[in-house]
Amino acid sequence: MGVMTYSLEITSSIAPSRMFNALVLESHNVLPKIVPEGIKSVEFIKGDGGVGSIKKTNFAESSHIKYTKHKVEALDAVSFYCKYTMIESDIKFDKIDFVVEEVKFVVAGSGCVCKMTSEYHVKEGCELKEEDIKKGKDKAMGLYRAVEEYLVVNPDVCA
């Protein structure tokens with residue numbers, strides 16, 4: 001089994017605390033409101049969002065994927081850091097065993113930079129191509145921008 005690492009940095013005009021709250025701590029409440037055409041619901045299967053919790057994201061009927069389950073491995077609300085592992089999904093990953101995601105929001109002027117690192121744990125004998133990863137990252141970027149726009153228009157949300 002090999003590991004392929006992909007990193008991405010996204011700047012935002014929103015403070016790191018608000019982005020962290022919207023995308024991590026309050027995602028179960030916020031995301032279905034912001035992108036109901038993409039995310040139907042987010043629920044806790046185990047725990048309340050802290051380390052060891054398992055969060056299930058249910059996607060809208062129009063999506064190519066029905067659900068994913070993520071386990072929270074590390075969470076630091078003071079430094080705006082979260083690490084989680086995708087442990088289950090309804091789509092069959094023919095090349096990937098699991099994916100570990102690390103997200104950290106860092107102050108940058110009056111906004112922030114979101115630093116994301118993904119580790120794709122590739123099955124023995126398989127090769128993962130950059131374009132395979134890019135599709136997922138493009139969707140993540142779209143979600144990030146939708147959250148950012150929502151927070152700009154709604155300054156009291158996650159404040």
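## Strand pairing and helix packing: worked exercises

V107 stands opposite C112 in strand β7. The exercises below use this predicted model.

**Exercise 1.** Determine which strands pair with β7, how many bridges join each of them to β7, and in what direction they run.

*Solution.* Begin with strand β6, residues 96–108, which is joined to β7 by twelve bridges, the two strands running antiparallel; the placement of V107 opposite C112 belongs to β7 as well. Next take strand β1, residues 2–12, for which eleven bridges to β7 are found, again in an antiparallel arrangement, and here M4 is the residue that stands opposite Y120 in β7. Finally, consider the turn: the hairpin of β6 and β7 has two residues between the strands, and in it G109 adopts a positive phi near 65°.

**Exercise 2.** Decide whether strand β7, residues 111–122, is largely enclosed or open, and explain why.

*Solution.* Residues count as buried when their relative accessible area is under 20%. Nine of the twelve residues of β7 are buried, and the strand is therefore largely enclosed by the rest of the structure.

**Exercise 3.** Describe how helices α1 and α2 are oriented, and which residues meet where they are in contact.

*Solution.* The axes of α1 (residues 16–25) and α2 (residues 27–34) come within 6 Å and cross at roughly 90°, so α1 is roughly perpendicular to α2. On the α1 side, N21, A22, L23, V24 and L25 meet S27, H28, V30 and L31 of α2.

Key
Residues numbered from 1 in each chain as written. Predicted model: local features only at pLDDT ≥ 70, side-chain atom pairs only at ≥ 80, totals over all residues. Heavy atoms only, no water. Axes fitted to C-alpha atoms, helices over the stretch in contact; angles between N-to-C directions. Helix = DSSP H or I, 4+ residues; strand = E, 2+ residues; numbered from the N terminus. Parallel < 35°, antiparallel > 145°, perpendicular 65-115°, else oblique. Contact = heavy atoms within 4.5 Å. Buried < 20%, exposed > 50% of the residue type's maximum accessible area, 1.4 Å probe, protein only. Pairing = 2+ DSSP bridges.
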